[in-house]
Amino acid sequence: MALTQVTSPHTSEGASTSWVMQQLLLATLPGMAALTWYFGWGTLINITLACITAISCEAAILKLRKRPVMFYLRDCSALVTAVLLGLALPPLAPWWLVITGTAFAMIMAKHLYGGLGYNPFNPAMVGYVVLLISFPVAMTMWPAPRPLLPEGVDVPSLWSSLQIVFPILAAEPIDAFTMATPLDVFKQNTGQLVEQFYKSEALFVQGDLAGIGWETVNLAFLAGGIYLLARRIFTWHAPVAMLSTLALMTWFCFDGGSSASKGPLSLHLLSGATMLGAFFIVTDPVTSAVSNRGRLIYGSLIGLLVFVIRAWGNYPDALAFAVLLMNFAAPFIDYYTVPRTYGHDRARSALQKKD
Amino acid sequence: MNSSLGHKASKQTPQTEQSDRPPGFTSNTVSNNADAIAQTIEVREIHDFHGGIHPPENKRQSTTAPIRDLPLPDQLILPLSQHIGVPAQAIVEVGEQVLKGQLIAEAFGPVSAAVHAPTSGVVTDINEYLIPHSSGMSAPCIVIKPDGEERWISHSGCKDFHDELPQTLLKHIRDAGIAGMGGAGFPSAIKLHPQQKIDTLIINAAECEPYITADDMLMREHAEEIITGIQILAHILGEPESVLIGIEDNKSEAWDALSAQLHNSNIELIEIPTKYPSGGEKQLIEILTGTQVPSGKLPAELGIVCLNVGTAFAIKQAVCEGIPLISRITTVTGKACAQAGNYRVLIGTPVSHVLSATGVDEAQCSRLVMGGPMMGFTLPDTAVPLIKTTNCILAPDQSELPTNDFAQACIRCGLCAEACPASLLPQQLYWYGRSQNHERLEAHNLFDCIECGACSYVCPSNIPLVQYYRASKGEIRQHEKDKIIADRARQRFETHQQRIEKEAQEKIARREARRAAALAKQNASTEKVSGSTSNSSSENTSESSPENSSNNSTTDSGQSDLVKAAMARLQNTQTSPEQQRQKLERALSAAQSKLQRYEKQLANPDSTDDPRTADQNNTLLAKIEGARLQHQDINARLDALPAQQGPSEDDV
């Protein structure tokens, strides 16, 4: 009888990395649906394009690196990056924008560092920032949400959406209705009290929390995040720390609604990429701090940076920058947040030498 | 963590009659019953520990039948080292007849445990055999061929252990070769003789590993002996204030059996929530007392001694009946085993015998695990024997414990950190282990890892984390050994260097002395050769030598002696002007004859020779010239000699 020689333990829970990734994909569905409802087919086209690009890039690089292609593709991590980037990019963005961003994310940000588990930066956010810096105009062309379209105009059909994304399909260029995002609109406000502004600006008239469409999208991502928390895919520490710091900063800097106000709490929590970031980006385990204490610090510093850049920076939203900056800091945070081990009086630093 | 769960504990006091507890009660009914019974029930606060997992228990398969005996095997293989510490030393020889219970190998040194013959028979071999060890290594074993007669050696225990001194009882335990039966195998006599005063005795009846039910069945069937064993332990330890039995809440029948035997004792039977690894010594201590054993320290330093319930049973047998540790209860289970259950096996029984006797289909089972699925190790061969620490043999089929998939990349999801009962960061240890960063591994407290396997169990990427930790620990230990050797070598080298340096310095000193001497000699000879008529030169010499000696005398007196000797020799050569004159006169005559010979050659060339070339003539002329100069020089020195006589005689 040939006896297998393996080390303990001989049993395991049966969860797999691809199951974790699939749960993550599943949790993006409400947000994806909300985006599609308000902004049309663009988001789905983005995601499809990004997924195709991500899988081709990953397969090509794995082949180049002489790794078993199917084994690594099965972990679904490429799809997660692609879907997150597809959700973050403006719907109806030109095809080359999506492909460039995704390819950069997969090749430069993920595989040049060694692939899954080795990348210091969140690949989706690297792709996003590269596009934002290189193609600022294309990156800020968000379509108008469905309720704000002029009388008699609907969101573009699937065919016209495809024609917008791939202009080659159209005989003559098709225009989509675009408009500024709530955070952008709010940033441009110079003369009005917040209350007046909320009453005059169409975005806020119909969506008095954080702008029509956007608040629903954020609530949908929040729902997905709560699902993931319930399934124990990640711990509450990073997202809760990020959201509460952002809330605290907003509350602290809100002056009651003057024209110089940095925006009310609801706007910051439910607009832009706040919820997508809090539950799908900040929680990326590969690039965040590892201990729970570290994740509290990591999350709250992202929340702080998001507010600082939104309030005083040049960009209306700041999640990608904040996340990347804190990705830099994550190993440093790890050094000083090693938990107290059983039988030790106190936690020690990872840099501490042997006594 | 440390949130107190504060329930499920009962303390039996003299007034309480243990009610007939229905089997299969839940933890709630415990407290309800407890409340209902009397006011005498105290609630001990119990604590939680960080992490932990809930793997499928799989304990029912082996608890349906009572403990059974196995037929005698053809041979018994008894490793000399079945415990932590120094191996025992064989005191029997091949061919010797031994009786059941006879000492065949005695403990060597304090941290060691004796080995006894599990049955009567003949010693057939003392040699290296495969032993149950995770590394699949061989070690010295005594092999006994049973004669089937089971003849006991005469043995007897104490009548009443209360009358005995703890020292006497400890001797019984040591002589019986008892080592911790929960798995570690630490000699019990050492553990029961701590330096510190013990106020808490903990009996580990948690048995948290899946599949294993050896302690469970032992408690069900031998509760009375176990309680007596615990009382012996308490007596040895000077009657600690609290005597606690920690038992997981999935063993209701064992709970019943034990609590029926508590009677008038002060033993507290405490039910703890089922969670792996609550039976780890450190974890159980935290659950029951709320304190953590400091890293690198023993529980005794907190006034705690923790022993396995099986050990308590073995100690009772040793003390009260004089029966050494020659058999134990072992669970044989797994889907490949037809008659899963608990068996009373003789120590040394080959696994192959156990497998055939319990109906294990060897074709079905993909691996054989000694111990449980979480911490057990696979056996390389079925020829290995069962030993004192073997609590389970697991014969799973392929579907039960499937072979692991290939490991995927670590995504630092942190599930391992959530599961770690030692509050480590397993994912960081894994990364640092892979990069062999020993400094960081130690900063992350690698050596506090108890290798329970909870991290690997929850890892979604199937990474064999524990294997990495074992490898890293091994590397670091090896590294430290190497470092000690290297340090010693460096020390030796440095000492050697120092010695060489010292020798070199002494050599230089000696050379300096010689040079000084030579200098003095040279001075003297210059004075002689130049024939400097003056007193000044000799005065110089006589002046310089005291100077030298005074300079050197402070540093090296030996050197000045050398200088004096050299001076003396020099003076000896100087002292005879007559000899010098004779020498010069001899040189003068030699030079004259040389001059005459050359001149003759120049004037009358040999007829036989070839006519001389111009070159040859020139050479001859040069030789003549040189000889003439030499002649002049010698004449001059000869002339100068009488003038020298005066001062040199003065000197003398």
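Modeller: Residues are numbered from 1 along each chain as its sequence is written, and chains are lettered from A and ligands numbered from 1 in the order in which they are written.

Colleague: In chain B, where is confidence highest?

Modeller: The predictor's confidence in each residue is pLDDT, which runs from 0 to 100, and chain B averages 83, with 82% of the residues scoring at least 70. Helices (H or I, at least four residues) and strands (E, at least two) are DSSP runs, numbered from the N terminus. In chain B the lowest mean, 43, belongs to helix α1 (residues 27-37), whereas the highest, 95, belongs to strand β15 of chain B.

Colleague: For residues 1-41 of chain B, how many contacts beyond four places in sequence does the model have?

Modeller: Two residues are in contact if their C-beta atoms, placed from the backbone, lie within 7 Å. Where pLDDT is low, the predicted coordinates should not be read in detail. Over residues 1-41 of chain B pLDDT stays under 50, and the contacts of this kind number 64.

Colleague: Which element gives the largest share of the side of chain A that touches chain B?

Modeller: The contact takes 40 residues from chain A and 54 residues from chain B. On the side of chain A that touches chain B, the largest share is three residues, and these come from helix α1 (residues 17-27) of chain A.

Colleague: Why is strand β14 of chain B largely enclosed by the rest of the structure?

Modeller: A residue is buried if 20 or more other C-beta atoms lie within 10 Å of its own, exposed if 12 or fewer, and partly exposed in between, with C-beta atoms placed from the backbone. B:S327, B:I329, B:T331 and B:T333 point one way from the strand, and B:R328, B:T330 and B:V332 the other way. Strand β14 (residues 327-333) of chain B is largely enclosed because, of its seven residues, the number buried is seven.

Colleague: Which residue of β15 in chain B stands opposite B:I329?

Modeller: Two strands pair if DSSP finds at least two bridges between them. Strand β14 of chain B is joined by six bridges to the antiparallel strand β15 (residues 341-346) of chain B, and by three bridges to the parallel strand β18 (residues 392-394) of chain B. In β15 of chain B, the residue opposite B:I329 is B:R344.

Methods: This is a predicted model: local features need pLDDT of at least 70, side-chain atom pairs count only at pLDDT 80 or more; totals for chains, interfaces and linings use all residues.
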